[in-house]
Amino acid sequence: MNFSDNELKQLIESNEYEQELFTKADNVRRAHYGTDVYIRGLIEISNYCRNDCYYCGIRKGNQHVERYRLNKDEILSCCKEGYRLGFRTFVLQGGEDATFSDAWICDTVSEIKRLHPDCAVTLSLGEKSYDSYKAYYDAGADRYLLRHETANAEHYHLLHPNSMSLENRKNCLWDLKKIGYEVGSGFMVGSPHQTTENLIEDLRFLQELQPDMIGIGPYISHQNTPFRDYKNGDLHQCLRLIAILRLMFPYALIPATTALGTIDSEGRELGLKAGANVVMPNLSPVKVRKQYELYDHKICTNEEAAECRMCLENRVAAAGYHIVTHIGNAKNKM
């Protein structure tokens with residue numbers, strides 16, 4: 001569905017047409033995906049990061065974080081447990097940790113694929129060179145998640161140090177597309193200094209990029225960042241944007257994020273009802289989950305993988321949908 005900028009502005013800013021918007025979005029997702037909700041097993045492999053993004057709890061400058069990184073055996077153990085629980089996609093996510101060499105990442109990816117050939121491996125490890133991305137792809141990585149965070153260069157500069165650039169972030173996304181990955185991008189809703197016009201720019205950039213996956217979530221502050229005193233993003237504005245995304249990108253994989261569940265106890269269920277069709281339970285070892293705190297009060301840090309899986313299955317069913325365990329590609333990739 002195409003929207004004019006004026007239509008988008010009205011839908012983003014006003015709740016006047018909210019229920020109608022959610023109903024339309026849910027109808028579109030049901031037309032393409034039925035009531036299926038795909039699960040991705042999230043493994044947070046390291047909270048070391050070379051970047052100092054002003055909004056992020058694991059930023060390099062945060063001296064209050066207990067740092068960790070998982071070794072290959074720990075990651076493979078998470079995958080083994082996840083496979084037993086029905087996961088067929090594993091998402092390796094981490095800060096931009098230079099200790100993980102390309103060779104190590106390739107070896108880990110290829111070993112996961114050897115042990116679980118019927119599974120997809122998704123990486124979310126930040127900005128890399130074209131050659132690095134190509135090496136991971138050749139080793140067996142199927143998907144790559146890299147949120148652009150904001151498509152406006154001035155706003156990007158307000159959220160990141162000078163060592164980072166929106167141009168490079170976008171170039172990485174285009175490199176990933178060129179290589180052949182299923183690509184995921186997305187943005188924060190309600191981040192400091194964000195305007196409605198910024199959000200419209202985000203949507204227009206996604207129209208240009210045409211990603212397979214689009215992840216958005218409300219901005220949530222962290223006490224040990226420069227943005228500690230900024231208010232959190234608005235739940236309902238985020239839900240309206242999920243619905244807009246579903247209408248603009250009918251085939252996209254759109255998660256109901258942990259951030260939604262953090263900002264509201266029913267947030268993930270509301271996200272599904274607004275058009276989302278993916279959830280990402282945590283497979284990371286419980287001992288490190290609290291250390292991977294991108295924002296304050298993150299949920300699900302004390303649950304074992306099986307508990308997290310069962311809890312989400314019950315929540316998804318209560319919302320009127322059901323979890324499926326296959327790889328779950330975007331429909332336009334099938």
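Mentor: The largest nonpolar core has 92 residues, and Leu-123 and Ile-244 touch the most other members. A nonpolar core here is a set of buried Ala, Val, Leu, Ile, Met, Phe, Trp, Tyr and Cys residues joined through side-chain atoms within 4.5 Å. This is a predicted model, in which local features need pLDDT of at least 70 and side-chain atom pairs count only at pLDDT 80 or more, while totals for chains, interfaces and linings use all residues. Residues are numbered from 1 along each chain as its sequence is written, and side-chain values use heavy atoms, with hydrogens and water left out.

Trainee: Which helix gives the most to this core?
Mentor: Helices (H or I, at least four residues) and strands (E, at least two) are DSSP runs, numbered from the N terminus. With 10 residues, the top contributor to this core is helix H9, residues 235–248.

Trainee: Which residues is Ile-244 in contact with, leaving aside its neighbours within four places in sequence?
Mentor: Contact means heavy atoms within 4.5 Å. With those neighbours set aside, the partners of Ile-244 are Phe-3, Leu-8, Leu-11, Ile-12, Leu-21 and Leu-203.

Trainee: Are H4 and H5 roughly parallel or roughly antiparallel?
Mentor: The axes, lines fitted to C-alpha atoms over the stretch in contact, with angles from 0 to 180 degrees between N-to-C directions, come within 8 Å for H4 (residues 102–115) and H5 (residues 130–139) and cross at roughly 20°. Angles under 35 degrees count as roughly parallel, over 145 as roughly antiparallel, 65 to 115 as roughly perpendicular and the rest as oblique. Therefore H4 and H5 are roughly parallel.

Trainee: Is Asn-198 buried or exposed?
Mentor: Asn-198 lies in helix H8, residues 196–209. Buried means under 20% relative accessible area, exposed over 50% and partly exposed in between, with a 1.4 Å probe and protein chains only. Because its relative accessibility is 7%, Asn-198 is buried.

Trainee: What is the phi of Glu-149?
Mentor: Most residues other than glycine have a negative phi. Glu-149 sits in the loop between strand S5 (143–145) and helix H6 (153–159), and at 10% relative accessibility it is buried. Although not a glycine, Glu-149 has a positive phi, about 75°.

Trainee: And where does Gln-210 lie?
Mentor: Gln-210, also a residue other than glycine, has a positive phi near 55°. Its relative accessible area is 43%, so Gln-210 is partly exposed. Gln-210 is found in the loop between H8 and strand S7 (213–218).
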